[in-house]
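Have the structure open as you read.

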Amino acid sequence: MKDSHPRVTLVCVIAPSPDWFVGVSGINLFATGAFLDFLVVDPHAYDAGTDDGVSFPSEDSVTDPPQTISRIESSPFGSGTPPLGTFTFMGQ
């Protein structure tokens, strides 16, 4: 059945950065019996928890032990920061 896998998860690295990325997880593209024609999502910035860097030019510094993936809500991605891009999902 084509509606058996209606969710999408994807990530995109923020480069150059220590270990930051933007992503969405489990976005449901199926509603009211059909796939959506169009959906735009503004992704948030996350820290993968594997590098201690706090700015784009940070030196490699392994986080030991690795931390949990977490949303970055401080500089450089604090409140008032515009979206880093958009993910646009379009139906057929």
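Is F35 buried, partly exposed or exposed? This is a predicted model, and in it F35 has a relative accessible area of 33%.

Now for the aromatic rings. A search of the whole structure turns up 5 aromatic pairs. Take F21 and Y46: their ring centres sit 5.7 Å apart with the planes at 20 degrees, so this pair is stacked. It's a link between distant parts of the chain, since F21 belongs to strand β2 (residues 20–28) and Y46 to strand β6 (residues 44–47), 25 residues apart. F21 counts as buried, at 16% relative accessibility, while Y46, at 24%, counts as partly exposed. F35 has a ring partner too: its centre lies 5.0 Å from that of F30, and with the planes at 80 degrees the pair is edge-to-face.

In general, nonpolar side chains of soluble globular proteins tend to be buried together. Here the largest nonpolar core has 13 residues, and F77 is among those with the most contacts inside it, along with I14, V24 and F89. Setting aside neighbours within four places in sequence, F77 is in contact with I14, W20, A45, F56, I72 and L84.

F77 turns up again at the second largest pocket, where F77, H44, A45, R71 and T81 are the lining residues nearest the centre. This pocket holds about 220 Å³ of space and is lined by 15 residues. The lining is made up of 7 nonpolar, 5 polar and 3 charged residues.

Finally, the backbone. Most peptide bonds are trans, and most residues other than glycine have a negative phi. Against that background, look at the bond from A15 to P16, which is cis with omega near -5 degrees; P16 lies in the loop between β1 (7–13) and β2. S75 and P76 are also joined by a cis peptide bond, with omega about 5 degrees, and P76 sits in the loop between β7 (70–71) and β8. Then there's T32, in the loop between β3 (30–31) and β4 (34–35). T32 has a positive phi, near 45 degrees, and is exposed, with a relative accessible area of 86%.

Terms used:
Residues are numbered from 1 along each chain as its sequence is written. This is a predicted model: local features need pLDDT of at least 70, side-chain atom pairs count only at pLDDT 80 or more; totals for chains, interfaces and linings use all residues. Side-chain values use heavy atoms; hydrogens and water are left out. On a 1 Å grid over the protein atoms alone, a cavity is a set of points where a 1.4 Å probe fits but cannot get out, and a pocket is an open set with protein on both sides within 12 Å along at least five of seven lines; lining residues have an atom within 4 Å of a point. Grid points are joined across faces, edges and corners, and a volume is the space filled by probe spheres set on the points. Ala, Val, Leu, Ile, Met, Phe, Trp, Tyr, Cys and Pro count as nonpolar, Asp, Glu, Lys and Arg as charged, and the others, Gly among them, as polar. Rings of Phe, Tyr and Trp (its six-membered ring) pair if their centres lie within 6.5 Å; planes under 30 degrees apart count as stacked, over 60 as edge-to-face and the rest as tilted. Helices (H or I, at least four residues) and strands (E, at least two) are DSSP runs, numbered from the N terminus. Buried means under 20% relative accessible area, exposed over 50%, partly exposed in between (1.4 Å probe, protein chains only). A nonpolar core is a set of buried Ala, Val, Leu, Ile, Met, Phe, Trp, Tyr and Cys residues joined through side-chain atoms within 4.5 Å. Contact means heavy atoms within 4.5 Å.
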